Number of protein chains: 2
Amino acid sequence: MKLDQIETPAALIDIARMQRNIARMQGHMNTLGVAFRPHVKTTKCIDVVRAQIAAGARGVTVSTLKEAEAFFASGVDDILYAVSMAPSKLPRALALRRQGCNLKLVVDNPTAASAIAAYGDQHGETFEVWIEVDTDGHRSGITPEQDTLLEVGRILHENGVKVGGVMTHAGSSYELDTPEALAALAEQERAGCVRAAQRLREAGIACPAVSVGSTPTALAATQLEGVTEVRAGVYVLFDLVMHNIGVCALDDIALSVLATVIGHQADKGWAILDAGWMAMSRDRGTSKQSHDFGYGQPCLLNGTPLPGYVVSGANQEHGILSPIVENADAADDVTQRFPIGMKLRILPNHACATGAQFPEYHAVAPDGNSVEWRRFQGW
Amino acid sequence: MKLDQIETPAALIDIARMQRNIARMQGHMNTLGVAFRPHVKTTKCIDVVRAQIAAGARGVTVSTLKEAEAFFASGVDDILYAVSMAPSKLPRALALRRQGCNLKLVVDNPTAASAIAAYGDQHGETFEVWIEVDTDGHRSGITPEQDTLLEVGRILHENGVKVGGVMTHAGSSYELDTPEALAALAEQERAGCVRAAQRLREAGIACPAVSVGSTPTALAATQLEGVTEVRAGVYVLFDLVMHNIGVCALDDIALSVLATVIGHQADKGWAILDAGWMAMSRDRGTSKQSHDFGYGQPCLLNGTPLPGYVVSGANQEHGILSPIVENADAADDVTQRFPIGMKLRILPNHACATGAQFPEYHAVAPDGNSVEWRRFQGW
């Protein structure tokens, strides 16, 4: 299907940009001498994941058990479920392992560790668990020097659970925007996670994997001594938040929302689009960054950005495209520049959030033809 | 299924609250002597829509053609598609009408009006179109006194299209929070829409329907002279934005997200939930209102709100529950008050956005048993 035949709103993936992003990340990881385990929560799409694996990824990271189940059903068997385990979800984890999935769980507290040990014992299953390490204080995990680290390690190790490694995610990298700050955080993430592994090993607990990553720190890292693998998700498509952080150019962004002009408020300089927040998502991740892109950056159908314009507002199925600087010409211009029926591509703030609004991507090849790539929803 | 058997995160509808909300709105419309046409974009769920129709609703309002197709397939045949028509979508509208759906389209500009007339002529179909009126400047529509109103009316009327009525949506009501301001806007919405109908009729264009509404103005209206029907959507579930506007109590909110405590950062007073923004949505609609509820208001499993706490932050699958006022006790308290595995219900900022994150609702009856109500996604 050609671009102008796709009904709007639609989520487009530019295949050439996506492949370039995959090659860039995998190449950087190869240079640093570490394995790469992409976080597939960004796309929840087997077609994208197959491209990541074909480029050299080893295993995947997931954020839900539904992702684990779906990707295992599609032939991916090395899966890290990177959210601290809720004991009530153990039956689904057991079912996956019994089907042959090499599923690794994550914990950051003694209660969940004990629950996994007890459940494994009860069902004769040796679970593999990675311990989550907190290297930047932004969310979950145990800091490398906390006593709880060894407590959790011992609960697992002494009760028949395999401690497969430690993992950390320096999500505070999303708040930075200079190469120096990103490189410093990448080193902090590396050092903290390696230190946690060292403490476990000194306590007699094998800790083979040392897993770090976020898209900004993965790209900023210059040496990863002691690290065995890196995880990152949004790099595969990139978005305006990543652009503001400084890790991609606008023309690296592989996801856009195809939209149609459906109206105007000429006196205000507005064109109304059929892509509102249901299509763009409510993510306003650029609102506190150096450049606020509103609900997205409009581009022509061929991908050329229109830097003087932004999607400044959104209702459920209406987006408001308006000039960034209000000027006297805008009112005259908008109906001619953006006539009814014109199609535009809107670059999103956050690829993970925008993609989740759609049941499928339209993957566009360099020749302009597209195919449908399904993605899934829910838990 | 009982509440404690439902896997988290999950979207719960409290059936008794929903029925109370439906009865309240329908009763108010009956008192005002107007028909009620609920906007079903809020739930995209036939089980909810059947309850609205059973209570007296006449027809539905939709925001996408997919909603029109899905609800028509479920037996609803009086449908207003309340987004200005993109000419490229006319084949789907034609298909619906040919199947017997009484689908009404909306336009606010001459180009789309001409396109509908030409397409109808080409295919021998008499489309019904309602003209969108702008009564508060917040988005789309033609203001009542603009020449364009009659121009669009004539294009339709003189080219074989039935002008079924005028419609308006005073969406700026979401920015208000006093009964006086809401009542004034309801009157402005009514008067503007009635005036537009009057101008069309004076120009010899029949305009049978005069349709107004948003949840806040619908509930605030005290007289609707000249209006034939009202539309509203979110009233069926309500949410924290509506609570801040002042049109519902916390215990009217029928939608909540069931979540499990999966971790803590005790020194910060945080409990980590398995409901992040993928479950709550990225909607931060209360951020500029009188009370900022973060990503949601935590409640006990029985529905009792915990007013000292809020979901203050969210990543894709992690929510951060924290005390509103930081105090010395919080750190000691959080692990005991919210132990690992505890389930909570989180009231959302915006029911339309939160519901859209889920493939289904779990509809909970007063006896605590729940059934699954499917909802759909996409366009």
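Predicted model: local features only at pLDDT ≥ 70, side-chain atom pairs only at ≥ 80, totals over all residues.

Q: OK. How is chain A divided?
A: Into domain 1, residues 16-233, and domain 2, residues 250-373.

Q: How many residues of domain 1 of chain A are in contact with domain 2 of chain A?
A: 14 residues of domain 1 of chain A, and they meet 13 residues of domain 2 of chain A. The area buried between these two domains of chain A is about 1,100 Å², and carbon and sulfur atoms give 51% of that.

Q: Which three residues supply more than any other three on the domain 1 side?
A: A:Arg17, A:Thr42 and A:Asp47, with 42% of the area that domain 1 of chain A buries against domain 2 of chain A.

Q: And how far apart are the C-alpha centres of the two domains of chain A?
A: They lie 34 Å apart.

Q: Switching to the chains: what do chain B and chain A bury between them?
A: About 4,600 Å², with 53% of it on carbon and sulfur atoms. B:Arg139, B:Gln377 and B:Trp379 supply 17% of what chain B buries against chain A, more than any other three residues. As for residue counts, 52 of chain B are in contact with 52 of chain A.

Q: Now the sheet in chain B. What's the strand order?
A: E2-E9-E8-E7-E6-E5-E4-E3, an open sheet of eight strands with parallel pairing. Its edge strands are E2 (35-36) and E3 (60-62) of chain B, each pairing on one side only.

Q: Which helix packs on the sheet?
A: Helix H4 of chain B, residues 90-98, which touches strands E5 (102-107) and E6 (128-133) of chain B. The direction of H4 makes about 150° with that of E5 in chain B.

Q: Last one, A:Gln297. Buried or exposed?
A: A:Gln297 counts as buried, because its relative accessibility is 4% and the cut-off for buried is under 20%. A:Gln297 sits in strand E12 of chain A, residues 297-299.

Q: What does the side chain of A:Gln297 reach?
A: The backbone oxygen of A:Leu306, at 2.9 Å. Leaving out residues up to four places away in sequence, A:Gln297 touches several others, including A:Leu240, A:Tyr309 and A:Arg345.

How values were computed
Residues numbered from 1 in each chain as written. Chains lettered and ligands numbered in written order. Heavy atoms only, no water. Pairing = 2+ DSSP bridges. Helix = DSSP H or I, 4+ residues; strand = E, 2+ residues; numbered from the N terminus. Contact = heavy atoms within 4.5 Å. Axes fitted to C-alpha atoms, helices over the stretch in contact; angles between N-to-C directions. Buried < 20%, exposed > 50% of the residue type's maximum accessible area, 1.4 Å probe, protein only. Polar contact = N/O pair within 3.5 Å; in protein donor to acceptor, adjacent residues only side chain to side chain. Domains from an automatic or database assignment. Buried area = accessible area lost by both parts, 1.4 Å probe.
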